[in-house]
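Here is a brief report on the pockets and nonpolar cores of one protein model. Please look over the sequence and structure first.

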Amino acid sequence: NALVTRYRPQVFSEVFGQDYPVRILSQLIKRGRICRNILLYGSVGSGKTTLARIYGKALNCDSPDEDGSPCLRRSSCKKIQDGDPLLFKEFDAPLFESLDHFKEIVTYFVSLPTPPDHRRLIFVDEAHSIARFINGYEFLLKMVEEVQPRIAFCFATTAVDRISKALRSRLFEIEIRPLGFGRAIEFLRDIADKEGIRYEPEALALLAGLSQGQPRNLLQALDQVREVGDVTREQ
């Protein structure tokens, strides 16, 4: 498997360099698996979808770890892993053909009964693309305001300024920031050591500088270079 797949975090402790977002989400779980409507924003490859999936599992885990992470052992965790839409439903907003299509699908999943003692997280990725629909955000605003107690929305975007101010005012905003240069090198070094990849420190610094501090970019770059040999400055 590619490094980006193998090292996708499954619990909060595996999320590198995002202490504030992790602390916020883990506190919501530790305080009683609280359903909050959330907006995650940051660059492509920063880890927004990964955090949403961990949060969705944690909301439904009846035996979370001390930091609020899902145990990954109980049936609810496995159901989400297997794609159970009653607990976690993920949408890629650019794929909606029209506002009517968007309304029909979202309304359907909001109206489904939530299993007892469980919660449902409806995750809308690239949510800024809803701006292309007239009254699209007004519809989402109504959904967020009237959603059932055990259902929550999580939106992710790379263009937070395109999300309507009215909708943003109803959401818990969490910024996912790029890793700093030093932290990006540390991230690469940790993965390379785990994988037994031979590298020159200067080469890792070059990769860190070219990958803009995004974990996915860093892993993809490391994968590409190691395919042709050791990770050296020349490579």
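## Nonpolar cores

This is a predicted model. Its largest nonpolar core holds 29 residues. Within that core, F102, V106, L140, F153 and F155 touch the most other members.

V106 deserves a look. Setting aside neighbours within four places in sequence, V106 is in contact with F91, F139, M143 and F153.

## Largest pocket

The volume of the largest pocket is about 630 Å³. Its lining counts 28 residues, and R8, P9, G47, T50 and P215 lie nearest the centre. By class, the lining has eleven nonpolar, ten charged and seven polar residues.

Four helices, α1 (3-6), α3 (48-60), α8 (181-195) and α10 (215-226), each supply at least two lining residues. α3 gives the most, with five.

## Second largest pocket

The second largest pocket has a volume of about 260 Å³. It is lined by 14 residues. Nearest its centre lie R53, K57, I80, Q81 and F88. The lining splits into five nonpolar, five charged and four polar residues.

Which element gives the most to this lining? It is α3, with four residues. α4 (75-81) and β2 (88-92) also supply at least two residues each.

Methods: Residues numbered from 1 in each chain as written. Predicted model: local features only at pLDDT ≥ 70, side-chain atom pairs only at ≥ 80, totals over all residues. Heavy atoms only, no water. Core = buried A, V, L, I, M, F, W, Y, C linked by side-chain atoms within 4.5 Å. Buried < 20%, exposed > 50% of the residue type's maximum accessible area, 1.4 Å probe, protein only. Contact = heavy atoms within 4.5 Å. 1 Å grid on protein atoms, 1.4 Å probe; cavity = no way out; pocket = protein on both sides within 12 Å on 5 of 7 lines; lining within 4 Å. Points joined across faces, edges and corners; volume = space filled by probe spheres on them. Nonpolar A, V, L, I, M, F, W, Y, C, P; charged D, E, K, R; others polar.
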